[in-house]
Amino acid sequence: RPALCGLSLGGFVAMQDAIERPAAVPALVLADTCPHPIPQDAEMARTIPATADGPEALAAWWDRDHPLRPGTDRLAHAARRNRFVTGNDADGLQHAISACAGRTAVTGRLPEITSPTLVVCGENDAFFPPSLHGDMAARIPRAELTVIPGAGHISCVDRPQEFNDTVTDFLSRAPAEAHRP
């Protein structure tokens, strides 16, 4: 069986799956995620422009809601912005962000996760900071935390080699049943 890896909202879905179906999740990777809604979700869903407003409106929204944080790689930040603006439909994003805002917290159920778990995040994640990831890792019995220096909310894109090395190392140490078909 493969390990389950979830990024951002996908990490929340992966947490739910690991809680509800523990036998189906031999190993778990939670990347740049959060076990509960955050106030910014509702605000972002409310303020995101419509697709019809064009990419310039989406770029202005991104700039307002994703300021460059100290310590964040400027080139990576600019590349993420450009990928975001050119690769996303604003209406689809509004629906996804609304789903984030409407989720039910699983924070109190994190101790029910029995899988070996890697909690990984970017050092400069403005949405879900390392302290939140540290709290998640502390609540999950078999979890370990890795913070990727210089990365933001999507650490696998900001620092792909470091992210891949971290996940590969974790999976190499996870129990053998995590790698059996």
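A salt bridge here means a side-chain nitrogen of Lys or Arg within 4 Å of a carboxyl oxygen of Asp or Glu. Before you click, note that this is a predicted model, where local features need pLDDT of at least 70, side-chain atom pairs count only at pLDDT 80 or more, and totals for chains, interfaces and linings use all residues. Residues are numbered from 1 along each chain as its sequence is written, and side-chain values use heavy atoms, with hydrogens and water left out.

**Stop 1: the salt bridges**

Select Arg 173 and Glu 144. Their side chains meet in a salt bridge, N to O at 2.7 Å. This pair links distant parts of the chain: Arg 173 belongs to helix H8 (residues 160–173) and Glu 144 to strand E4 (residues 143–148), 29 residues apart. Those labels come from DSSP runs, numbered from the N terminus: helices are H or I with at least four residues, strands are E with at least two.

How open to the outside are these two? Buried means under 20% relative accessible area, exposed means over 50%, and partly exposed is in between (1.4 Å probe, protein chains only). Arg 173 has 46%, so it is partly exposed, and Glu 144 has 27%, so it is partly exposed too.

Asp 169 and Arg 173 are separated by about one helical turn, because they sit 4 residues apart in helix H8. Asp 169 is partly exposed, at 39% relative accessibility.

Now pick Glu 20, Arg 109 and Glu 112: salt bridges that share partners join them into one network. Then try Arg 21 and Asp 17, whose side chains make a salt bridge of 2.8 Å, N to O. Arg 21 is partly exposed at 47% relative accessibility, and Asp 17 is partly exposed at 22%. How many salt bridges does a search of the whole structure find? The count is 8.

**Stop 2: strand E3**

Colour residues 117–122, which make up strand E3. Is this strand enclosed or open? Since 6 of its 6 residues are buried, E3 is largely enclosed by the rest of the structure. In a regular strand the side chains alternate between the two faces of the sheet. Here, Thr 117, Val 119 and Cys 121 point one way from E3, while Leu 118, Val 120 and Gly 122 point the other way.

Next, show the neighbouring strands. Two strands count as paired if DSSP finds at least two bridges between them. Strand E2 (residues 28–31) pairs with E3 in the parallel sense, over 4 bridges. To find your place, look for Ala 31, which stands opposite Val 120 in E3.

E3 also pairs with E4, again in the parallel sense, over 6 bridges. Val 119 stands opposite Leu 145 in E4, and Cys 121 has Val 147 as its bridge partner in E4.

One more click from here: Cys 5, which is found in strand E1 (residues 4–7). Cys 5 and Val 119 are 114 residues apart in sequence and 10.0 Å apart in space, C-alpha to C-alpha. Cys 5 is partly exposed, with a relative accessible area of 45%.

**Stop 3: the rings**

Select Phe 127 and Phe 128. They form an aromatic pair that is tilted, 6.4 Å centre to centre with 55 degrees between the planes. (Rings of Phe, Tyr and Trp, using its six-membered ring, pair if their centres lie within 6.5 Å; planes under 30 degrees apart are stacked, over 60 edge-to-face, and the rest tilted.) Phe 127 is buried at 16% relative accessible area, and Phe 128 is buried at 5%.

Last, go to Arg 103, in the loop between helix H5 (90–101) and E3. Arg 103 lies over the face of Phe 12, 4.9 Å from the ring centre. The rule for a charge over a ring is NZ of Lys or CZ of Arg within 6 Å of the ring centre and within 35 degrees of the ring normal. Arg 103 is buried, with a relative accessible area of 10%.
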